[in-house]
Amino acid sequence: MACLFCRIIEGEIPSKKVYEDEYVYAFYDIAPMAPVHVLLIPKLHLDSADAVTAENSGYVAKIFEAIPAVAKACGLENGYRVITNCGEDGCQSVHHLHFHLLGGKKLPETLG
């Protein structure tokens with residue numbers, strides 16, 4: 001069975017889409033941690049940042065090319081944060097590489 005995010009990309013599970021192109025799908029997080037919380041995912045399944053290689057890193061580049069457009073579309077004119085979690089200690093909950101785009105307020109400087 002495909003992973004949760006692969007199923008979202010395929011339209012099997014509904015999402016509130018913000019952006020889509022041939023490489024990237026972006027949608028609002030269902031449990032936001034900031035006023036704006038968007039997830040950007042590659043359309044190619046990669047388990048985590050540990051799975052990025054020279055052969056597939058173009059997908060990550062396309063995500064980072066899309067981030068400014070997504071931020072602008074979400075009204076993030078005063079800055080934002082981009083985060084990815086990797087593995088158990090990094091609190092990765094879905095094993096499909098994804099980047100959190102957070103903003104809409106002044107974010108704390110530290111994690112803890």
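**Close-up views of a predicted model**

Lys43 counts as partly exposed, at 27% relative accessibility. This residue opens the set of legends, and the model shown is predicted.

**View 1. Lys43 pairs with Glu20 in a salt bridge.** The closest N and O atoms of the two side chains are 2.7 Å apart. The pair links distant parts of the chain, 23 residues apart. Glu20 belongs to strand β1, residues 17–20. Lys43 sits in the loop between β3 (36–42) and α2 (57–73). Is Glu20 buried, partly exposed or exposed? Its relative accessible area is 36%, so Glu20 is partly exposed, because that class lies between the 20% and 50% limits.

**View 2. Arg7 and Glu12 form a salt bridge.** Their closest N and O atoms are 3.2 Å apart. Arg7 has a relative accessible area of 24%, so this residue is partly exposed. Glu12 reaches 52% relative accessibility and therefore counts as exposed, since exposed means over 50%.

View 3. Glu65 counts as exposed, at 53% relative accessibility. Lys62 is partly exposed, with a relative accessible area of 30%.

**View 4. Lys17, Glu20 and Lys43 belong to one network.** Salt bridges that share partners join these three residues.

**View 5. The whole chain places the close-ups in context.** The protein has two helices and five strands. From the N terminus on, the elements run α-β-β-β-α-β-β. The radius of gyration is 14 Å, close to the 13 Å that the globule rule gives for 112 residues, so the protein is as compact as a globular protein of that length. Its C-alpha atoms fill a box of roughly 40 × 30 × 25 Å along the principal axes. Of the contacts with a separation of 6 or more, 53% join residues 24 or more positions apart.

View 6. Buried residues make up 37% of the 112 residues. The protein exposes about 6900 Å². Carbon and sulfur atoms supply 53% of that area. How many side chains are positive, and how many negative? There are 9 positive and 14 negative ones. The centres of the two sets lie 10 Å apart.

Notes
Residues numbered from 1 in each chain as written. Predicted model: local features only at pLDDT ≥ 70, side-chain atom pairs only at ≥ 80, totals over all residues. Heavy atoms only, no water. Helix = DSSP H or I, 4+ residues; strand = E, 2+ residues; numbered from the N terminus. Rg over C-alpha atoms; globule rule 2.2 N^0.38 Å. Buried < 20%, exposed > 50% of the residue type's maximum accessible area, 1.4 Å probe, protein only. Contact = heavy atoms within 4.5 Å. Areas by Shrake-Rupley, 256 points an atom, 1.4 Å probe, with all protein chains shown as cover. Lys, Arg positive; Asp, Glu negative; His and termini not counted. Charge placed at Lys NZ, Arg CZ, Asp CG, Glu CD. Salt bridge = Lys/Arg side-chain N within 4 Å of Asp/Glu carboxyl O.
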